[in-house]
Amino acid sequence: MLTTTRGDRIAYDDLGPAGAPSVVFITGAGPTRAEDPITLDTAEKLAPLGVRSLFADRLGRGESTSAGEIELGAQLDAIVELAATARAGVVLVGHSSGCAIAMLAAHRVPDLVGLVLWEAPLGLFPEGAPA
């Protein structure tokens, strides 16, 4: 469990060797860690390859709780602080709406070495998502 500087509590799984190149998974709006076996399976397969995976419940979902309003800034801060725990090069992997959060957080992660977007909803909602 990570307590952020805002006082939010971020529940996450930490798989793989400490200090190794790391992947931070950012899920879509719906699933929690407990409901996302594909991401967990991916993280488990990366560990023996020497890659550390940090797989969190997004703020306000699952076991992650907010000390205040769950706004975009709080979501971004949570990702940045989780990435900082890696203490190594970090790849942000966003899924679905997590892609937008990953893109917005990317420039704030000092040790960022990559950005992966999976099933980004861009272009599906001409009234909102592209903006």
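Modeller: In this predicted model, Leu72, Gln75, Leu76, Ile79 and Val80 of helix H2 meet Ile101, Leu104 and Ala105 of helix H3, where contact means heavy atoms within 4.5 Å. By class, this contact of H2 with H3 has seven nonpolar residues, one polar residue and no charged residues; Ala, Val, Leu, Ile, Met, Phe, Trp, Tyr, Cys and Pro count as nonpolar, Asp, Glu, Lys and Arg as charged, and the others, Gly among them, as polar. H2 covers residues 72-84 and H3 residues 98-106, and the two pack at an angle of about 70° with their axes 10 Å apart. Axes are lines fitted to C-alpha atoms, for helices over the stretch in contact, and angles run from 0 to 180 degrees between N-to-C directions. H2 and H3 are therefore roughly perpendicular to each other, the term for angles of 65 to 115 degrees, whereas those under 35 count as roughly parallel, those over 145 as roughly antiparallel and the rest as oblique. Helices (H or I, at least four residues) and strands (E, at least two) are DSSP runs, numbered from the N terminus.

A word on conventions: residues are numbered from 1 along each chain as its sequence is written, and side-chain values use heavy atoms, with hydrogens and water left out. Since this is a predicted model, local features need pLDDT of at least 70 and side-chain atom pairs count only at pLDDT 80 or more, while totals for chains, interfaces and linings use all residues.

Not counting residues up to four places away in sequence, valine 80 touches Ala105, Arg108 and Val109. The C-alpha atoms of valine 80 and leucine 15, which are 65 residues apart along the chain, are separated by 18 Å.

On the H3 side, Gly98, Cys99, Ile101, Ala102, Ala105 and Ala106 are buried. They cover an arc of only 160° around the axis, which puts them on the same side of H3; the arc is that of the directions from the helix axis to the C-beta atoms. These buried residues of H3 pack against H2 and against strands E4 (22-26), E6 (90-95) and E7 (112-118).

Those strands belong to an open sheet of five strands with the order E3-E5-E4-E6-E7 and mixed pairing, two strands being paired if DSSP finds at least two bridges between them. Strand E3 (12-15) and E7 stand at the edges with a single partner strand each, so one side of each is left without a neighbour in the sheet. The twist averages 15° from one strand to the next.

Within the sheet, E4 pairs with E6 in the parallel sense over five bridges, and four bridges join E4 to strand E5 (residues 52-56), also in parallel. Phenylalanine 25 stands opposite valine 93 in E6 and opposite phenylalanine 55 in E5. E6 pairs with E7 in the parallel sense over six bridges, with tryptophan 118 in E7 as the bridge partner of histidine 95. Five of the six residues of E6 are buried, so E6 is largely enclosed by the rest of the structure.

Methods:
Buried means under 20% relative accessible area, exposed over 50%, partly exposed in between (1.4 Å probe, protein chains only).
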